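Biologist: I'd like to learn how to read a model like this one. Could you take me through it, feature by feature?

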Amino acid sequence: PTGSCTMSAAEDAEWLRWVTKQFGSIAGEDKEIDFEEFKTALQVKESFFAERFFALFDTDRSGTISLEELLKALSLLVHGNEMDKLRFLFQVYDVDDEGKATGLSGCYSVIEVPALTCAGSGSIDPDELRVVLGWCLRESAIALPEERLRDLTLALFEAADKDHSGSITFEELREELEGFPEVLENLTISAASWLKPPPPTERSCRPRYLTQAYWHNHRSKLAFLGGYAGLNLLLFSLAALRHVGLGGWLAVARGCGQCLNFNCAFLAVLMLRRCLTWLRATPIAKVLPLDQHVVFHQLVGYAVLALAAVHTGAHVANFSRLARQDGRHALAEYLLSARLGVGGLGGTASQTGLVLQGLLVAMLAFSSPCVRRSGHFEVFYWTHLSYISVWTLLILHGPHFWKWFAVPGCLFTLEKVVGLVWRRAGGLRIVEVNLLPSKVTHLVIERPQFFCYKPGDYVYLNIPAIATYEWHPFTISSAPEQQETLWLHIRSLGQWTNKLYEYFQQPEWPSLEPKPLSRSLREKRCRRGAQVGADGARLSANAECYIDGPYGTPTRRIFTSEHAVLIGAGIGITPFASILQSIMYRYRRRKQSCPSCRYSWCEDLREEEMTLRKVDFIWINRDQKHFEWFVSLLTKLEMEQAEQEPGGRFLEMHMYMTSALSKNDMKAIGLQMALDLLAAKEQRDSITGLRTRTQPGRPDWSKVFGKVAEEKRGKVQVFFCGSPALAKVIRAHCERFGFRFFKENF
C-alpha cells in the first residue's frame, strides 16, 4: 500500500497474514462477511456507521465483503496517506436524501487505493452534518438536547464552510482538518485490535520488582515485610533452640508457638483503627506503611493459620512418638484427654489447640471475598466475632500469650468501648436523601457534636432498617468546614447498597418520629428545598443511623505535598470531593483581598495545614450520567478559582469519558471538533457544563505524567481511588516517572 506510513516487506507480510486469519475466523465457511458479522468485527454500536462503512467496503454491491475487498479497504484505512483517509471520511459524511431519512446511504461505491469516489452530492449541507453528528452522539453514548445538537452543527458548519456557500466541500473539510495533523495521521475506524496485529510484547531486561523505582515507591512496605519476616524467624529460632534437646518435633512446635504468640497479638494491633488514625499525624506515618494495615491484617491471618497448622502437626507427631514409646496410651488419649504437664490450664493444651485450629479455619474460610460480597455478610460478621473466643482460648492454651496480648488487648478493648459509647449515645438522623439516576444514594446526616475529622476520612455506617448488624465503610464527601451535616455518596454495587437505594425509593418508607432541627439546619433545608432536578430525587428524611469513626486514609498526605495529582475513577471521586473543598478553603485563606480597594495579601498557614503549590484533579467516568455526582461542586470550585486568581492554574481539572470515541476515530472526529469549537465559543463544556473540556476515551498516562513532570512545581505525589486494575496501571507509570503513589484502601 502507498501512503505516508510505509511498511517493510516483513511487516507487510505479517499484516496480511493477520488480517487473513481474522477474516477466516469471522467469515466462516462461506468466505464472505455479511453485514452483521461486519458490524460485530468493527465494534460499531450504531447501524448508521456500520451501513456507511459496509457500503464503502462492498465494491461489487453483492451484500457481502470478500477477502480481496477487505484487504483493499483496510490497506487504505490502516496504511493509506492522509488524503486517502480524508476522502473516506468525506464520503461517510456525504449522506444523500435516502441516507438522511433511513440512516443508510445506499451508496455502494467502488473503492480504489489510494483514492475513493462516491455517488454522493460531493458536498455536505447542514442537514447532512446534523444527521451524522446525531449518530456520532449515539456512538459515543452522549445524550444532548436537540437544541445543543443544532448548536454543535452550526459551530462546525460555520468553521468549515470557508466560502459561506451553504455547503462544505472536500477541499474545505481538508483545510479545516489540517489544523489537526496528528488526528489525520492516525485517523481510522476504532477496532485496532482487529485491523492490526498485536504489537510485540516488550520484555524488560530485569523484573519490575528488581527496579530502583519499585523499591523507591515501596520502600516502607518492603522494609516492614522484611522486619516482620526477620522477627518471626528470630522468635522461631530462639524458642526452637531452647527445646531442641527434647526432640525435633517439640522444637518445631515451640518455635511455631512463640511466633503464634506474637502474630495473634499483632492481629489486634493492625485493627486499632483509632490508634492508626492518630499515628497518621505523627512522623511515624512516613516510616510505617499505615495505608496497608488491612492488607497486612489479612497477610498475618494467613500466617497464623499456617503456623497453627505446623504447630498442631508437630505436636501430633510428637504425641505419636510418645504413644509408641509408652505403649500404654493411644494417640487419641494424648489428643482428647487432659494430662497434667502437657501444657495449658489444667493440662488442656491439646483440646484447646484443636478447638483453636477449627475456629481459625472457619474464620479464614468465611472471610473470603466470595462470602462477604455474595449476600452473606452476616456469616462473615458472626464467624469473625469468634476472635473473642480465639483470644480467650489462647490465654488458656499458652502460658505466655497474655504477656504479648496485654497491651494490644487493652487498646483493642478501649477502642471497642469508645465505639459502644458512641452507639449508646443514640442514633443520628438522616435529614435528607438525594437519589441520583446513576444509582447513587446521597445521604445528608446531622453531624454529631464534637465530631472532628480530616478531609478524606471515612466512617463505618449502620442503618438498622437496612441490616441490623452490618457496618460498611464510606468516605465522607463533605468538607470538615461544613459544620452542620455530614455527606455520604453511596453507589449501588452490592446487596446492602442496593437495598439502601431501593429502601428510599419507596413512596412511604418508615422513619422515626420527627425531631426538632436546629435553626441553621432548618434555614439550610429551606434554601435547598425538596426538589426533583437533573441530579435526581431529593427527599426530606428523618431515618435513624449510626456511625463509627472517623478513620484516616492516605489522602491526609495531600495537604503536605508540593504537587498533588488526585485521580478518581467513577465513585472514587468521593474522598476528593471533601479534599478539594478544603483545599480551596485553605487557598482562599492563603490569598485574600479587600473587596473595596482590591488590596491583596497572603495569610500564613502552618506547614502541616497546606504546602501545596499545584493540584491536578483527574476524574475518569464510564459514561455521561456518572458526572452528575459532583458537577455542581466542581463548577463552584472553578468559579471560586476564577474569582481568586483569574487565569490561575493552582487547581487544574481533567475530565475523561471512556465511552466516548476519540478524535482519531472516523465515527467521532466531527463530533469532537464540534464540541471543541462550541466549548471555545461558550467557555463551557457541553457534556458537564464545566469550563474544563471533557476528553474522550482513556487518559494517555505517559502524556499526562510527562506534562506534570515538565511543570516542575515540586515533588509529585499521586493519590488514587478506584478499581485495583487501574491502580496497577497508574502505579507502574508512577514508578517510571519517579512519583510517589498512594491508593485508598478499605
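Modeller: Gladly. Let's begin with a sheet: strands of a sheet pair through backbone hydrogen bonds, either parallel or antiparallel. Here six strands form an open sheet in the order 15-14-13-10-16-17, with parallel pairing. Strand 15 (694-696) and strand 17 are the edge strands, each with a single partner strand, so one side of each is left without a neighbour in the sheet. From one strand to the next the twist averages 20°, with axes being lines fitted to C-alpha atoms, for helices over the stretch in contact, and angles running from 0 to 180 degrees between N-to-C directions.

Biologist: What counts as a strand, and what counts as a pair?

Modeller: Helices (H or I, at least four residues) and strands (E, at least two) are DSSP runs, numbered from the N terminus. Two strands pair if DSSP finds at least two bridges between them. As an example, strand 13 and strand 14 (residues 651-657) run parallel and are joined by seven bridges, with W619 opposite M655 in strand 14. Strand 16 and strand 17 also pair in the parallel sense, over four bridges, and V718 stands opposite F741 in strand 17.

Biologist: Before we go on, what kind of model is this, and which cut-offs apply?

Modeller: It is a predicted model, in which local features need pLDDT of at least 70 and side-chain atom pairs count only at pLDDT 80 or more, while totals for chains, interfaces and linings use all residues. Residues are numbered from 1 along each chain as its sequence is written, and side-chain values use heavy atoms, with hydrogens and water left out.

Biologist: How should I read pLDDT, and where does it stay under 50?

Modeller: pLDDT is the predictor's confidence in each residue, from 0 to 100. Where pLDDT is low, the predicted coordinates should not be read in detail. The protein has a mean pLDDT of 77, and 77% of its residues reach 70 or more. Values stay under 50 over residues 1-6 and over residues 511-535, for which the model has 42 contacts (heavy atoms within 4.5 Å) beyond four places in sequence.

Biologist: Now a helix. Which residues of helix 29 are buried?

Modeller: An α-helix has 3.6 residues a turn, so residues three or four places apart point the same way. In helix 29, L726, A727, I730, R731, H733, C734 and E735 are buried (under 20% relative accessible area, with exposed over 50% and partly exposed in between; 1.4 Å probe, protein chains only). They pack against several elements, including helix 12 (212-217), strand 10 (563-569) and helix 28 (701-711). Just after helix 29, G738 takes a positive phi of about 80°.

Biologist: And what about helix 28: which residues are buried there, and what covers them?

Modeller: W701, V704, F705, G706 and V708 are the buried residues of helix 28. Their cover includes strand 10, strand 13, strand 14, strand 16 and helix 29. K712 follows helix 28 with a positive phi, near 50°.

Biologist: Is strand 17 covered on one face or on both faces?

Modeller: Both faces of strand 17 are covered: R740 and F742 on one side, and F741 and K743 on the other, are all buried.

Biologist: And how many helices and strands does the protein have?

Modeller: The protein has 29 helices and 17 strands, and buried residues make up 49% of its 746 residues.
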